[in-house]
Structure formats: C-alpha cells, structure tokens
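Open the model in your viewer and keep the selection panel at hand. This tour goes stop by stop.

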Amino acid sequence: MPGEGEGERARKMREVYLVHAENWVAETDGRVVALLGLLGAEIGGLFVAPEAQGTGVGRRLVEHAAALHGALTLEVYEKNTAARGFYARLGFVEESRRVDEEYDEVMLKLARPAPEHPARGRAANT
C-alpha cells in the first residue's frame, strides 16, 4: 500500500507491533529475509524480501505460528490479491470485512482453524 510505511503506520509499527508482538524472522545465509509478527494468535504482519518470495519461507513462518498458537487470524487489504492468494493456499478464509478509514480501503479479516494432528498411538488394523 502506498504510504503504509510512513506516518502513523510507521509509528505504530515501531512503538506497538515490534515492541509488543512475538516476532519471528527467517534468515538465508545470515541475512534476514522474512519477518512475522504475532499478537497472540493474530498475524500482525508478514514481510518477505522480494528475492525470497516464492521460496516457502513465508509458509514456514505461518506454519510455525500455527504450531505455537493453533488457529490464526489476520487482516489483509482486499486489493492485495497476491497476499490473499497466499493466505488462501494456506487455508485462510474470509471471516468479515471493514473499511480502513486511514486509507479508505476494504480490509478482510481472514481466519484459519488450528491444524489437525493425526491420532497418535492408534493401533493399525491387521
């Protein structure tokens, strides 16, 4: 989104999300290529460097968050079709929508249920 890293949004990122969120990074060759910020079970942001997009690093961070917190939620701009497609492939579905008054853009709230784990210790039929 144009201007998303400026003004009030930048202040919130520095003073709220990066301070209060549980932040996870992914590195390649000692260089940070992705950041996922969690506020409880809500993904507050997922940022992947352009050169690392499509490599599975974003998916691994989301799966790590799901392993820690189970069900996940997030908000994404309706017009961010690339992010919406990414989250849909990971099993997120639209739960609601609202207008972000700062940018006058539609935001979608997406949710994904907790991953199911196969039953352990179940005897095989012989």
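Contact here means heavy atoms within 4.5 Å. The model is a predicted one.

**Stop 1: the whole chain.** Colour by secondary structure. The protein chain has 3 helices and 6 strands. Along the sequence they follow the pattern α-β-β-β-α-β-α-β-β. Of the 126 residues, 29% count as buried. The accessible surface is about 8300 Å², and 51% of that belongs to carbon and sulfur atoms. Among contacts between residues at least 6 apart in sequence, 49% join residues at least 24 apart.

**Stop 2: the sheet.** Select the strands. In what order do the 6 strands stand in the sheet? The order is β1-β2-β3-β4-β6-β5, in an open sheet with mixed pairing. β1 and β5 each have a single partner strand, so one side of each lacks a neighbour in the sheet. Neighbouring strands are turned by 25 degrees against each other on average, direction ignored. Pick Val99: its bridge partner in β6 is Val106.

**Stop 3**

**Stop 4: the core.** In soluble globular proteins, nonpolar side chains tend to be buried together. Here the largest nonpolar core has 23 residues. Select Leu36, Ile43, Val62, Leu72, Tyr87 and Phe92, the residues with the most contacts inside this core. Two or more core residues come from each of β2 (31–39), β3 (42–48), α2 (57–69), β4 (72–77), α3 (81–89) and β6. Which element gives the largest share? It is α2, with 5 residues. Stay on Leu72 for a moment. Select Arg112, in strand β6 (residues 105–112). Is Arg112 buried or exposed? At 9% relative accessibility, Arg112 counts as buried, because the cut-off for buried is under 20%. A polar contact of 2.9 Å joins its side chain to that of Glu63. Beyond its neighbours within four places in sequence, Arg112 is in contact with Val62, Glu63, Ala66, Ala71, Leu72, Leu90, Gly91 and Phe92.

**Stop 5: Leu68.** Go back to helix α2 and pick Leu68. Leu68 is partly exposed, with a relative accessible area of 42%. Outside four places in sequence, Leu68 is in contact with Glu22 and Trp24. Now draw a distance to Ala114. Leu68 and Ala114 are 46 residues apart in sequence, and their C-alpha atoms are 9.9 Å apart.

**Stop 6: two loops.** Finish with backbone torsions. Select Asp29, in the loop between β1 (22–28) and β2. Phi of Asp29 is near 55 degrees, a positive value in a residue other than glycine. Asp29 is exposed, with a relative accessible area of 82%. Then jump to Asp104, in the loop between β5 (93–100) and β6. Asp104 has a positive phi of about 55 degrees, although it is not a glycine. At 63% relative accessibility, Asp104 counts as exposed.

Methods: Residues numbered from 1 in each chain as written. Predicted model: local features only at pLDDT ≥ 70, side-chain atom pairs only at ≥ 80, totals over all residues. Heavy atoms only, no water. Helix = DSSP H or I, 4+ residues; strand = E, 2+ residues; numbered from the N terminus. Buried < 20%, exposed > 50% of the residue type's maximum accessible area, 1.4 Å probe, protein only. Areas by Shrake-Rupley, 256 points an atom, 1.4 Å probe, with all protein chains shown as cover. Polar contact = N/O pair within 3.5 Å; in protein donor to acceptor, adjacent residues only side chain to side chain. Core = buried A, V, L, I, M, F, W, Y, C linked by side-chain atoms within 4.5 Å. Pairing = 2+ DSSP bridges. Axes fitted to C-alpha atoms, helices over the stretch in contact; angles between N-to-C directions.
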